[in-house]
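Please look over the sequence and the fold shown here, and then follow the paragraphs below from one part to the next.

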Amino acid sequence: MGPGVYPAAVTPFDEKGAVDQAGIAKLLAWFASNGCRGAVLAGTNGEGPSLSAPEKREMIRCAVPIANDLGLEIVLGIASNSLEEAVWLSRQAKEAGCAAVLLMAPGYFREADERGIEAWFMEVLNRSASEALIYNFPKRTGITLSADLMHRLSSHERMIGLKDSSGSKENVSAYADAVPGKLLYVGDETLLIETLHAGWTGTISGAANVLPMWLSQIVTEWPDRRQSAEAKFELVLPAVQALRNHAQPAANKRLLKEIGVLDSERVRLPLLPLTCIPHDMAPIVNLVRPSR
């Protein structure tokens, strides 16, 4: 893994509600054609908690060969309170050829001491050959991973970096200082330019489902054409903010169907699909619709 954009991919479902492998292939082709470096499957935007562990295994077994042909890296999202399931999925990711796993803290026992959270992460790292990005998303887990904890976890050879979706500007410098030499991906795209200024690697982005070309160009241009990258960020920021104002992944799926990338906007219960495109998201369609 390295610099670039990794969409936090939505999971397409067919008319029976099963994972649509052909839809995943089409989605990966969309990402590759728009300059992405890889994709995260079964993460937050991928409705990972609504997918069974066997479904995730079959998803990556089918997706990785397709992604390899397209020049993409696949990361498996793991959001599980079960230590044994997290270890099993990490092993399946390695066997399938994933580049890494994106490992979220176990969020059910929110009263857990930080020492227990650290031991949980270390146990997964020790028992699996997969390289891992540690995922800080306190809005979902109720657990904030401190910079000190990230620093301690970074001592493990298989901890290759982190993703931060907290939206905290304080973490931009604190995390960079805590894990020198590791990969740093921002989840809140509104902080993309700020994190690039601080030396972060790129973004694992929900908005990249529908804005892959724009975000990829920003990250790619950053080292040598910062003025161009910043100008593009200002242009695309209202679209990013509009996406973040609506329920995900339903908004992403509705837009992807509208532009012909997905066949269906289905989501799994308890989530519900959007029946129409909200007014503030309508301009995004013309911004991203593939040329015919």
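Seven of the 10 residues of helix H9, which spans residues 212-221, are buried, so this helix is largely enclosed by the rest of the structure. Here buried means under 20% relative accessible area, exposed means over 50%, and partly exposed covers the range in between, with a 1.4 Å probe and protein chains only. Helices are DSSP runs of H or I with at least four residues, strands are runs of E with at least two, and both are numbered from the N terminus. The buried residues of H9 are Pro212, Trp214, Leu215, Ser216, Ile218, Val219 and Glu221. What do the buried residues of H9 pack against? Their partners are strand E1 (4-7), helix H1 (21-33), helix H8 (192-197), strand E8 (202-205), helix H10 (226-244) and helix H12 (282-288), where a contact means heavy atoms within 4.5 Å.

The coordinates are those of a predicted model, in which local features need pLDDT of at least 70 and side-chain atom pairs count only at pLDDT 80 or more, while totals for chains, interfaces and linings use all residues. Residues are numbered from 1 along each chain as its sequence is written, and side-chain values use heavy atoms, with hydrogens and water left out.

Stepping back to the whole, the protein chain has 12 helices and eight strands. Its radius of gyration is 18 Å, close to the 19 Å that the globule rule gives for 292 residues, so the chain is as compact as a globular protein of that length; the radius is taken over C-alpha atoms, and the rule is 2.2 Å times the number of residues to the power 0.38. Taken along the principal axes, the C-alpha atoms of the protein chain fill a box of roughly 50 × 45 × 35 Å. Of the 292 residues, 55% count as buried, and among contacts between residues at least 6 apart in sequence, 71% join residues at least 24 apart.

How many disulfides does the structure hold? The structure holds zero disulfides, a disulfide being a pair of cysteine sulfur atoms within 2.5 Å. The sulfur of Cys36 has its closest cysteine sulfur in Cys98, at 17 Å, which is too far for a bond, and Cys36 is buried, with a relative accessible area of 8%. For Cys62 the closest cysteine sulfur is also in Cys98, at 12 Å, again too far for a bond, and at 35% relative accessibility Cys62 counts as partly exposed.

The backbone has some local features to follow as well. A cis peptide bond joins Gln248 and Pro249, with omega at about 10°, and Pro249 is found in the loop between H10 and helix H11 (250-258). The peptide bond from Leu269 to Pro270 is cis too, with omega near 15°, and Pro270 lies in the loop between H11 and H12. In the loop between strand E2 (38-41) and helix H2 (53-70) sits Ala42, which has a positive phi of about 65° although it is not a glycine and is buried at 2% relative accessible area. Glu47 lies in the loop between E2 and H2; its phi is positive, about 55°, although it is not a glycine, and at 3% relative accessibility Glu47 counts as buried.

Lastly, consider Trp88, which is placed in helix H3 (residues 83-96) and is partly exposed, with a relative accessible area of 30%. Leaving aside its neighbours within four places in sequence, Trp88 is in contact with Ala53, Pro54 and Arg57. The C-alpha atoms of Trp88 and Ser128, 40 residues apart along the chain, are separated by 8.0 Å.
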